[in-house]
Amino acid sequence: MDQEYFDRLAQAVVDGEADAAVQLVNDGLGKGVDPIDAVERGLARGIMKVGEDFGAGEVFLPELIMAADVMKKATSILDEKIKASGTPRTTLGKIVIGTVKGDIHDIGKSVVAAVLQANGYDVEDIGIDVAVDGFIQSVKQNNADVLGMSTLLTLPLQVMGEVIAAMKEAGLRDRVKIIVGGCPVTQEFAEEIGADAVGFDAADAVKKVGKLLGRS
Amino acid sequence: MVTFWEVLERCGKGQRMQESDYDALLYKSVSKLIEKYDIKFDPGQIVPDDDSLADRAYEAAVELFEQVGFYCLDTKRVVRFSRSEIEERVALAPDTYTWGEGKDRGVTYSRKVEDLRDPSFVASGLGVPVPQDMFVKVCQAIASVPLADAFCGVSLQDTFRGIPIRAGHPVEVAAAIWDVSKRREAARLAGRPGLGLYAMISCAESTAAIIAAAREQFGALPADVTQNGAIAELKVDFARMNKVPWQTESGAGIAGLYGPLMGGYAGGPEGTMLTQIAHFFLGLFAFNADYHIPFPIDLHQVCNSTSPMLWLVSVYSQALARNTHLLNESVSMAAAGPATRMLFYELAAHAVTATVSGANLVAAGIARDKYPERVSTLEIQTASEVGHIVARMGMTRKEANPLVKALLSKYEKDVPDAPLGKKFSEIYDMEKVTPLPEYLKLYESIREELAKLGLNYSLL
């Protein structure tokens, strides 16, 4: 398949066109496109472009989320083919992310999730108002490399410390890196509760996750 | 008029929708409306003097709220209102609110664009975490800001009696009671025992804790205010609405709190500006709000002192001031920390912009409102002085625009890496609760600089 095909795939992500992306993926697979090429030369380029534009303030959250959604839908088709081929697609890492119990604000967490995805991470967004057990279960189920926790409010901060304590009790802490973020979260607080890093904004979170996983 | 009870019924009957679909609907609607009403941010006109733009913005915001209403997270339903219902609710909203009592009484009222009357002013450090042992002194310093019509103080840091404060935990109730009593004590120590609290309790999220603490025996005055916050964008839940019956039947003041995120679900400055206005309507219907506390924030910079954000503040304020009598208490959110020249410039720019555009003033969120003890008073005082001077000079929007741009030129490039500044204890004499000489000197030099830019300090 020629470069134009991969460009169109990338553009479908940029434009937030899920139907077009799925159609292109299916057409490509029908014509023998390597599914790993479809992800890396097409979809990933698109999502990375949107991530860069979002960071520069040139596109807004809805476009970023739409692009991430297109990426998810298209890669789910490709992942099945990749699995069947026996050559697993490499991602930069698996990340579980959520807003902690007592807080129902989702924007900050959603932005970080979308930007991480735009930068090549496999992200499981487990939503808002997530209790300690919810984080632990999801980390186990997804075999996560990194756990991300967010809150906009002061009072739910304590939950972050409780999750970290529960991670230790569950024997997960040593193999899972933890990053925290949100308006009231400071470096001092992150250190106090034993988190590995604090993401002060989405770009910073990507940088810190990369560092935690030895990618940068 | 659509009552709160009718609103609750609609929460159970409105169109059912997934939250992500509501977010998409909002973005689609604002995108169409800013095109239909020809609304465009102009970096050359931070304080536009175009009445038609303000009126188009208001019309577009009414149409937006007709289309998208607000979203109830508990029932996953869209709660909509007709144009006539919106107009009626706006017409019947209060146009004044009185804080406090006795000689410390302060009044906020509906202002007009280029209004010659002083803006009401709230001195606030809400959101800045401060440990229990410093709490009273910091609140006292804030209550001492001379032109304050009401105050708020700071937020209690994460523990009380050494126990972490958590929503729904018994210590939350104890901390809330302590919080109210200490704020009142702080007002007394500032020599203003009757100064009103524009946000009564800083450390409580749950309604139970707020109701438990909001009693006269703990220091709350009858007109002290509790806040009901919407969730960005245009969302509410019952945990926030469930204060309303108590607030309404007890006569407690109700403030609607709205912080739309520029760059978020409403898009850029234009769409976020429309969404900011629509939040005022949400506050009337969902919260029975007496007055409104808008604090729009740039999603990336976590402040509202940049050019697009000040434009947004100006246009939404003009739109409301020209078309309603709603009480608009505009909050400045600064990037820089205490005792930096940048913080003074940021708050002055907001004060000029908001005052000439018809808003009242609340100052301030400092150092992006997150770092412990990063709170200060002379910058807040400067914002109050600038607001009063601008109104008393009769400054027009046309005159304000170059002044705001001159201020922006001093700090805007530094917003991404704004200085954190100093902690309160580094700029205050903690025994006397007075600013240290070096900090006072900085304040004086800023006054001189602002005077050179055209502010007539003799009008204070």
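A residue counts as buried when its relative accessible area is under 20%. Keep that cut-off in mind on this tour of a predicted model.

**Stop 1: helix α13 of chain B.** Select residues 378-393 of chain B. This helix is mostly covered, with 14 of its 16 residues buried. Now check its length. At 1.5 Å a residue, the 16 residues should span 22 Å, and the end C-alpha atoms are 22 Å apart, so the two agree. Step just past the helix to B:Gly394, where phi is positive, at about 70°.

**Stop 2: the largest nonpolar core.** This core holds 225 residues. Select B:Ile39, B:Phe65, B:Phe70, B:Tyr198, B:Met273, B:Ile277 and B:Leu282, the members that touch the most others. Chain A takes part too: domain 1 (3-85) and domain 2 (94-212) each supply at least three residues.

Now centre on B:Met273. Which residues does B:Met273 contact, beyond its neighbours within four places in sequence? They are B:Ile39, B:Ala57, B:Trp311, B:Leu312, B:Val315 and B:Tyr316.

**Stop 3: the cysteines.** A disulfide is a covalent bond between the sulfur atoms of two cysteines. How many disulfides does a search of the whole structure find? Zero, over all chains.

B:Cys72 is buried, at 0% relative accessibility.

Move to B:Cys139. Its closest cysteine sulfur is in B:Cys152, 8.0 Å away, again too far for a bond. B:Cys139 is also buried, at 0% relative accessibility.

Key
Residues numbered from 1 in each chain as written. Chains lettered and ligands numbered in written order. Predicted model: local features only at pLDDT ≥ 70, side-chain atom pairs only at ≥ 80, totals over all residues. Heavy atoms only, no water. Core = buried A, V, L, I, M, F, W, Y, C linked by side-chain atoms within 4.5 Å. Buried < 20%, exposed > 50% of the residue type's maximum accessible area, 1.4 Å probe, protein only. Domains from an automatic or database assignment. Contact = heavy atoms within 4.5 Å. Helix = DSSP H or I, 4+ residues; strand = E, 2+ residues; numbered from the N terminus. Expected span 1.5 Å × (residues − 1). Disulfide = S-S within 2.5 Å.
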